[in-house]
Amino acid sequence: MYEAAQPPSMASQDLEELPGVGPATAEKLHDNGFDDFQGIAVASPGELSNTADIGESSAADIIQAAREAADIGGFESGATVLERREKIGKLTWGVEEVDELLGGGVETQSITEVYGEFGAGKSQVTHQLAVNVQLPAEHGGLEGSAIFVDSEDTFRPERIDDMVRGLDDEAIEDTMVLHGVADEDAADATDEALLDDLLEAVLDKIHVAKAFNSNHQILLAEKAQEIASESQDDEFPVRLLCVDSLTAHFRAEYVGRGELAERQQKLNKHLHDLMRVGDLNNTAVIVTNQVAANPDSFFGDPTQPIGGNILGHTSTFRIYLRKSKGDKRIVRLVDAPNLADGESVMRVTGDGLDPE
């Protein structure tokens with residue numbers, strides 16, 4: 001099992017140890033997902049002020065006390081950072097060539113953005129990762145559960161069924177054992193009854209919520225932090241957060257240059273909420289993004305991701321999916337802090353994502 005980047009959550013009454021936090025304030029903080037000192041320590045005074053209905057100066061004092069109690073916010077050595085990074089998990093795409101491109105797979109404690117035109121396979125990637133995160137570690141999984149924020153009505157349990165059955169026999173049998181569907185001697189990838197039980201177990205560990213507008217999507221990200229935090233002591237803690245798609249509602253609701261600044265501010269807050277889920281719970285965050293064509297581009301690919309510089313700077317990894325012949329897709333790593341840009345090829349088939 002991969003361990004979380006935070007200590008187990010403290011009960012809401014422990015928050016009363018902070019100066020200025022009484023029983024009523026502690027209850028409000030707990031109801032809004034602030035369950036421990038670390039969550040409060042990384043909040044902004046304005047955010048805490050609105051949540052707990054207290055003044056900003058009081059909120060700043062509470063945050064400072066939480067930082068001291070959680071022992072965060074100071075400098076640390078590079079060796080300490082390296083030690084913490086060793087806890088980071090790598091989630092397989094199920095395609096060896098793509099995993100190599102990504103340095104082993106999708107990283108936890110990072111935001112990975114996948115963008116491309118319609119039909120490029122973005123939603124296929126989110127579905128496949130929601131299955132793969134539940135695999136045993138020896139098969140590239142993180143032995144965890146997934147949260148799926150669906151803003152474009154893309155989540156299909158039937159597709160999860162295809163992808164579970166599309167795993168190789170050894171992975172299916174080891175996953176049956178991991179999920180308690182069968183013991184090691186009885187696990188059989190050809191047994192339909194066991195496959196049905198496995199599918200039910202996998203679907204049961206994907207928390208799906210449909211976002212109806214951008215404000216609802218932002219609320220769901222805050223709720224995701226609460227679910228992820230509470231799950232860290234479970235057998236299958238949350239190790240993946242998918243948002244498909246990140247920008248659809250923002251693009252539809254904020255039209256024209258006059259509303260661009262407000263859109264980008266809200267998108268920025270939303271991205272930092274997602275980043276917090278990843279950082280505090282050692283969770284991989286994957287977001288899909290729409291694209292627009294740049295009519296000024298006379299040479300090269302005119303396709304550009306939506307979201308501007310805010311999304312470009314906040315995403316740790318940016319991946320461009322492009323259609324090729326038939327079921328082939330070009331996976332291009334556009335930006336990563338520690339990896340060279342490059343391309344690989346995968347196929348989107350009835351069984352999920354497959355090597356070329």
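Trainee: What do S12 and S13 form, and how many residues lie between them?

Mentor: S12 and S13 form a hairpin, with 2 residues between them. This is a predicted model, where local features need pLDDT of at least 70, side-chain atom pairs count only at pLDDT 80 or more, and totals for chains, interfaces and linings use all residues. Residues are numbered from 1 along each chain as its sequence is written, and side-chain values use heavy atoms, leaving out hydrogens and water.

Trainee: What makes S12 and S13 a pair?

Mentor: Two strands pair if DSSP finds at least two bridges between them. Strand S12 (residues 342-349) and strand S13 (residues 352-355) have 4 bridges, in the antiparallel sense. In one of them, Arg347 has Asp354 of S13 as its bridge partner.

Trainee: Why is H11 called roughly parallel to H13?

Mentor: The axes of helix H11 (residues 214-231) and helix H13 (residues 260-281) cross at roughly 10° and come within 9 Å. Angles under 35 degrees count as roughly parallel, so H11 is roughly parallel to H13. The contact (heavy atoms within 4.5 Å) includes Ile218 and Ala221 of H11 and Leu274 and Val277 of H13.

Trainee: Why is H1 called roughly perpendicular to H3?

Mentor: Helix H1 (residues 23-31) and helix H3 (residues 45-52) pack at an angle of about 110°, with axes 9 Å apart. The range for roughly perpendicular is 65 to 115 degrees, so H1 is roughly perpendicular to H3.

Trainee: Which residues make that contact of H1 and H3?

Mentor: Thr25, Lys28 and Leu29 of H1 meet Leu48, Thr51 and Ala52 of H3.

Technical notes. Axes are lines fitted to C-alpha atoms, for helices over the stretch in contact, and angles run from 0 to 180 degrees between N-to-C directions. Angles under 35 degrees count as roughly parallel, over 145 as roughly antiparallel, 65 to 115 as roughly perpendicular and the rest as oblique.
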